Amino acid sequence: MDKFRMIFQFLQSNQESFMNGICGIMALASAQMYSAFDFNCPCLPGYNAAYSAGILLAPPLVLFLLGLVMNNNVSMLAEEWKRPPGRRAKDPAVLRYMFCSMAQRALIAPVVWVAVTLLDGKCFLCAFCTAVPVTVLGNGSLAPGLSPPELARLLARVPCPDIYDGDWLLAREVAVRYLRCISQALGWSFVLLTTLLAFVVRSVRPCFTQAAFLKSKYWSHYIDIERKLFDETCTEHAKAFAKVCIQQFFEAMNHDLELGHAHGALATAPAGSAAPAPPEGAEEEREKLRGITDQGAVNRLLTSWHKCKPPLRLGQEQPPVGNGWAGGGPRPPRKEVAAYFSRV
């Protein structure tokens, strides 16, 4: 258990590296999924484009949503977006920075899927087989003898070698090579554009808005750390609360059980006997409670934290009152008193 706890703490402390590793694993998984996927083009004029569009767009959307779900900062972003302003204003720049950071990682696997799909060429071949220029690549003299629906029906069977019977009009290998060449060109162009876009976003953008970028990055990290520390403090308080509650229950039960023997115990007890000492660690556990010792106070504290978080201004001398903070105006000047002593 200690080893698993150490691993979990390491992952929490290196969350960014951990999420980058998860995104890389998802990217490799998307490529492996495509290689294991059995692509079956319907080879029908009205279904080829729809089937190819679904294969090209639906899995990337699923992978993008999975990338967002596996990111722990999604709930933090939603909480920060929907929380009441209270005594702390919400900065849209910080929210944009948090969303862009999550979206950049979540887009890795979809980009890999689209790139692998285009470089493979099967999806593009299925979608655009009816758009092959027969007059240029095939026997153009025979094409006018076919009506447009018949020509589309014939060309739609190009991805299916078992049922294609139009070699007299257009050689299947010629059409396949033509469409796969275009698909691979589009695939490498897509890879180049996404790489350049990633370079611009990661490298060039902070150079133009360095101050705003640093502010957004700082407060994004602050929100993450504040949430973790608050969860740790609540966990510590819950443990202390449960421990003190259980101790009080056992002490009350012990007192009830000893009520029947109270007279005999008083008669046999020596005159100078002292009261039983409190259990060890009881005072330490009560200090961890920080004065929050009942369910209503805990609920009010959690509600106050959600509705009105403390302002980002340290050095407050006045305690929080209700859902806000009492210290809002200027502090009164301190009076200094000097005392002089003289020897007589």
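## Basis

Residues are numbered from 1 along each chain as its sequence is written. In this predicted model, local features need pLDDT of at least 70, side-chain atom pairs count only at pLDDT 80 or more, and totals for chains, interfaces and linings use all residues, while side-chain values use heavy atoms, without hydrogens or water.

## Two disulfides

A disulfide is a pair of cysteine sulfur atoms within 2.5 Å. The count comes to two. Cys41 bonds to Cys126, S to S 2.0 Å. Cys41 lies in the loop between helix H2 (15-36) and helix H3 (48-69), and Cys126 in helix H7 (residues 122-128), so the bond ties together parts 85 residues apart in sequence. Helices are DSSP runs (H or I, at least four residues), numbered from the N terminus.

Cys43 bonds to Cys160, S to S 1.6 Å. Cys43 is in the loop between H2 and H3, and Cys160 is in the loop between helix H9 (148-155) and helix H10 (172-208), 117 residues away. In sequence order, the bonded cysteines pair 1-3, 2-4.

## Cysteine burial

Buried means under 20% relative accessible area, exposed over 50%, partly exposed in between (1.4 Å probe, protein chains only). Cys41 is buried at 14%, and Cys126 at 0%. Cys43 and Cys160 are buried too.

Cys129 is also buried, at 0%. Its sulfur is 5.8 Å from the closest cysteine sulfur, in Cys41, too far for a bond. Cys234 is partly exposed, at 28%.

## Helix H11

Met253 is found in helix H11 (residues 210-257). At 38% relative accessibility, Met253 counts as partly exposed.

Terms used:
Helix = DSSP H or I, 4+ residues; strand = E, 2+ residues; numbered from the N terminus.
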